[in-house]
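Hi everyone, thanks for making time for this. I'd like to walk you through one structure and talk about what sits on its surface.

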Amino acid sequence: MGKKWGRIGAFFAIIIAVGILISQTAFDVARSTNLGLDLQGGFEVLYELQPEDGQELTENDIQATASALNQRVDVLGVSEPSITVEGEDRIRVQLPGVEDQEEARELLSTEAELSFRDVDDNLMLSGEDLEQGGASAVFDEQNQPIVQLTLQDGQEFGEITEELYTNPPPENSLVIWLDYEEEEHAFYDEIGEADPAFLSAPSVNEPLYTDTVTIQGGFTLEEAEFLAEVLNAGSLPVQIEEVYSNAVGASLGEQALEETLFAGLVGVSLILLYMMAYYRFMGVIAAITLSVYIYLVMILFNSIQGVLTLPGIAALILGVGMAVDANILTYERIKEELKDGKSMKSAYKAGSRRALGTIIDANVTTIIAAAVLFYFGTSAVQGFAVMLIVSILTSFITAVYGSRLLLGLWINSRSLNRKYWLFGVKERDVRRGL
Amino acid sequence: MFAVDFNMAKKNIDLIKHRKKYFVFTIAVVLAGAILLSTMGLNLGIDFESGTRVDFMSEEPLTEEEIENEFAVVGLEPDDITLAGENNEQASAQFIGFLEEGEVTDIQGHFEDVFGSEPNVSTVSPQIGRELAINALIATGLAALGIVIYVAIRFEFLYGLAAITALLYDAFLVISVFSLLQLEINIPFIAAVLTVVGYSINDTIVTFDRIRENVKKEEEITSFDHLAGVVNNSLLQTLTRSLNTVITVLFAAVAIWLLGSEAITSFAFAIVIGMIAGTYSSLFFAAQLWLVWKYKVIEKERNKPVSEAEES
């Protein structure tokens, strides 16, 4: 008698403990899930790297470009940016929650290649001669915002200015360019323009042996800060071209998520109700393990820093289906064994054992498919595959072991013996032994 | 009150007898799909056609005229406007070809002023969508190969072949239905087809697992009818499970189809079609196909020693 109530007590203790754990943390888990652009809103750009003529794109170039983009994204202060290399020459930048898309686009795509040239466009100094992180926005004597740079070598700058200052104006100008294009830009074409393509062209009136250089480009404070940040983030080693961009308004994403979550909730509730109606007592166990399953999937998915997207939700639905299927397979087997006249305990044992082989085969085949999709697929396909793998592994734990543990406590307490109706088995269907 | 029990094993249902009709039906469906695809083709969304799409929503119900007027303010004329949402408070306007960056900014600024929320502007070159589709196709092909290898090791090669045939049928049917209804094909659709593929594998393997188990119990297959009987029994034994599983998954898929966000309506619909097709192919197609192939192999093996004996 004591043993019987001990097992049933253990069952309720587990349920209460799990119930408390879920109800206390579910909200935080849901909140800490990273939502993809299609659910949260934000901005996404796919860039294609364009190596200079005749040059091969190396693995190094791609990594360097990706990390330069990463530093620029830091400037924007995006909380969960995602920068992924795709294929051989593409980099996808995803910026969830970014409000000013134009600023983001500009910041990302500028090459930020600073160059100092003479009036005939000969290169004197390039961005490589700058001290890392040495740029800042400051104010000059007239309280005008300017950008201050630190050079690696003041001596070299001195020699250049030494050479320039003897020239008559305007040939003593040191022209400062951002993103100079050889075929497009020339100093003499731009000097007459109201808004020249170069940043500034200060006259050099004396040799300047200094490692501090300022750019007075008639900037606003924001422009000066932007330029300083871009220069600090470093230039892009390879030119990039935007091949795809996608902007999702936040409110559209929010509504999509609310509606979809509600729909998912309705769907899962219907599944649980159906399971309880059809499988009675075992259905209740299934409802408990399915709830734990959804909770665990979200925890696991968060812990591998997964990003939930619409395809991810699709995989979650498939995962719920497979978790339900594992329950159904086991329960159907148990019912078959019960109808064969086996005792409650041996029907439970034989049913669980025989269903396990089927469940393993079905899950392994689907995992193989998901692993191949993950390995060979890109973006949306990969997101689907990750969620599917997480779902299947979790469903295996909850639907097989969770179910067995909970059901086993009741079966072994013997309090269910001969209560066929609790399993949805009609007593007249049970084959009587001899 | 709830006394339904799909206890089919005891009822005398023969799922094998009419197999030729099922085969004819299946082939007819595939042919119809092929004709549809070659004549009507697919309604490729902006993911696969170059262009720009502006999605936005408003507090008030919208009309097409109103939207055309608002676009006229920024000097643009959309090629297509679709209204969505319960009271038409959502809309999407499509432009074939690209918009200039300035035009995008104009639209975003103007529509935010008018409707109070920033519209969702997506531009895409068809190259990216097509690459994704081709990539998904190749990945699915390789996944199918992996499944055949696993099933060939765990089960037997013929099971794998029949499972893959059923899987391809399911995926093809979903694509054909989208061609028939001219529903838009977008990137989530690819995920939906992948879901269907995953479900189809799961469903077929469960049935095949039971067939394998029951075939093992038989000492020797004496005739076609004998093997057919074993297959039929296996199908009936797993029928309750097949129906219950598809019903539960359909609960989730239909709920998302009818109640979910506009953006995934067609996606959920694809899953619903695929689930139904998957159940059909597991019950009426995959096992029957395996049965016919398997019996041919058995016959061949039986005849082999005889013919060799005749020669010697």
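This is a predicted model: local features need pLDDT of at least 70, side-chain atom pairs count only at pLDDT 80 or more; totals for chains, interfaces and linings use all residues.

Is A:Glu229 buried, exposed or partly exposed? With a relative accessible area of 36%, A:Glu229 counts as partly exposed, because the class in between runs from the 20% limit for buried to the 50% limit for exposed.

Together with A:Glu103, A:Glu106, A:Glu222, A:Glu223, A:Glu225, B:Glu100 and B:Glu101, A:Glu229 forms a negative surface patch. Two elements of chain A give two or more residues to that patch, namely helix 4 (101-109) and helix 7 (221-233). Which of them gives the most? That's helix 7 of chain A, with four residues.

Now, over to the nonpolar side of things. Here we have a surface patch of about 850 Å², and its members include A:Tyr375, A:Phe376, B:Ile134 and B:Leu145. Helix 10 (344-376) of chain A and helix 4 (126-154) of chain B each supply at least two of the residues, and helix 4 of chain B has the largest share, six residues. B:Leu145 belongs to that helix 4 of chain B, and B:Leu145 is exposed, at 51% relative accessible area.

Finally, let's step back to chain A as a whole. Its domain assignment gives domain 1 as 2-38 + 249-429 and domain 2 as 41-246. Taken over C-alpha atoms, the centres of these two domains of chain A are 54 Å apart.

That's my tour, and I'm happy to take questions!

Definitions and conventions
Residues are numbered from 1 along each chain as its sequence is written. Chains are lettered from A and ligands numbered from 1 in the order in which they are written. Side-chain values use heavy atoms; hydrogens and water are left out. Domain bounds come from an automatic or database domain assignment. Patches are made of residues with over 30% relative accessible area and no salt bridge: like charges are joined within 9 Å, nonpolar side chains (Val, Leu, Ile, Met, Phe, Trp, Tyr) within 5 Å. Accessible areas come from the Shrake-Rupley method with a 1.4 Å probe; for residues, only the protein chains shown count as cover. A salt bridge is a side-chain nitrogen of Lys or Arg within 4 Å of a carboxyl oxygen of Asp or Glu. Lys and Arg count as positive and Asp and Glu as negative; His and the chain ends are not counted. The place of a charge is taken as NZ of Lys, CZ of Arg, CG of Asp or CD of Glu. Buried means under 20% relative accessible area, exposed over 50%, partly exposed in between (1.4 Å probe, protein chains only).
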